[in-house]
Number of protein chains: 2
Amino acid sequence: MKYKLGAFLRAIRTERSLTIKEVAQKAGVSSSLLSQIERNRISPSLDTLLQILEVYGVGPDKFFKTYETSSTVDIIKKDDREMIHRKGFKYEKLSGRSQTRGNHSFNAFFLELEPGAKRGDPTKGHLGRELGIVVNGQADLIYGDENYTLTEGDSVSFFSEIPHTLINTGKTHFQAYWVVTPADGEDFFGDKSS
Amino acid sequence: MKYKLGAFLRAIRTERSLTIKEVAQKAGVSSSLLSQIERNRISPSLDTLLQILEVYGVGPDKFFKTYETSSTVDIIKKDDREMIHRKGFKYEKLSGRSQTRGNHSFNAFFLELEPGAKRGDPTKGHLGRELGIVVNGQADLIYGDENYTLTEGDSVSFFSEIPHTLINTGKTHFQAYWVVTPADGEDFFGDKSS
DNA sequence: CTCTAATATTCAGTATAGTTAAATTTAAAT
DNA sequence: ATTTAAATTTAACTATACTGAATATTAGAG
């Protein structure tokens, strides 16, 4: 059993307050079968799955698209992280592709700034919010007219509409986990030419 | 066997000049199984289908969407035709929903004009082409500055960019089959208030 | 045209989906 | 708290997907 759609199918059903019995009857299959499918005990034949989706009035194209968008668990091993190097800073992406799409999307990464390096735009904010968790070092977050010093162990979150910049004011590398939502709120990785 | 995707799956494979053996091996299933699936002998389990689609690098959402767009056979029984009445003329739609979408879409219908009735727009053309096959009666097709008389048995096809109007110049009902492509080239059924 | 190799299909046995009925769980009423 | 009915799950049997080998078909070479 490679593909486990059961929970997603159950979510559709419960969302509509339908019982296994009702759906199974309309789909022309047994209650037992629908239970087994929802519990990932079996991989249904295509005919069976499509009959069930017909009851829900959801086409298979939309079903799979929504499933991919909302149900995929992306695991990125440390060695497999996408690394992005820019002058003075480095990112390791933590979030998979599926989280960068659709509603409530986000980007997450491990950020590293050399001493003196800066990131961000002092003139423009962007849609959404950010979260930072400091692992090592020290940096100043310049948020509009305010200046906040971040040190190891700090976590910071803020609305991104106000222009903001991060500057490593310490003598060592600044390292933090960083999350931006929604995913397309900012071109966080900057221009490749920079 | 309610859903017959076999031919569509085979089209993908042959389009890429792959053999059943190659695809089956990569998908981790037997050649025999892929043959049976393509020939609609069985309804594959979901796992199996998705494994095959992985080999083709096609996500299931796109697969089903393309299948619906390009492979659906819509059969509309005469009694089930959608009837559209307008002043002086009547349409019976012949084409199903799937043909009105995507590339190369079209609308088809059985058109009936009362004596003296007219259809079309003498001032505006629209994108695409039309085909008419006259079953009964007589009408004039005014195409730009030209006037063509259509009688029973005639078939006529033309680019629709030139403004065109159809007028029943006979004493009896004018009946013809009519095809417009693409489907959204013209609001062929006119305003409901007319 | 024949021949051969590659490819696809079919057949019969194995594995698993699908069914029915029994068992278990859950929700609601008292 | 207990009881009951509804809902779900599981077990054992039936139906069909899936396999590997045999057979049939196709394509290409000479």
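**Reading a predicted protein–DNA model**

Modeller: Chain A contains five helices and ten strands; helices (H or I, at least four residues) and strands (E, at least two) are DSSP runs, numbered from the N terminus. This is a predicted model, in which local features need pLDDT of at least 70, side-chain atom pairs count only at pLDDT 80 or more, and totals for chains, interfaces and linings use all residues. Residues are numbered from 1 along each chain as its sequence is written, chains are lettered from A and ligands numbered from 1 in the order in which they are written, and side-chain values use heavy atoms, with hydrogens and water left out.

Biologist: Which residues are the closest to DNA strand D?

Modeller: A residue is near a strand if one of its heavy atoms lies within 4 Å of it. Here 20 residues surround DNA strand D, the closest being A:Arg10, A:Ile20, B:Ser30, B:Ser32 and B:Thr48.

Biologist: Which helix gives the most to the surface near DNA strand D?

Modeller: H3(B) does, with three residues.

Biologist: What share of the atoms of DNA strand D within 4 Å of the protein belong to sugar or phosphate?

Modeller: The share is 72%, and the rest belong to bases.

Biologist: How far is a phosphate oxygen of DNA strand D from an N or O atom in the side chain of B:Ser30?

Modeller: The distance is 2.7 Å. B:Ser43 uses a backbone N or O atom, 3.2 Å from a phosphate oxygen of DNA strand D.

Note on methods
Polar contact = N/O pair within 3.5 Å; in protein donor to acceptor, adjacent residues only side chain to side chain.
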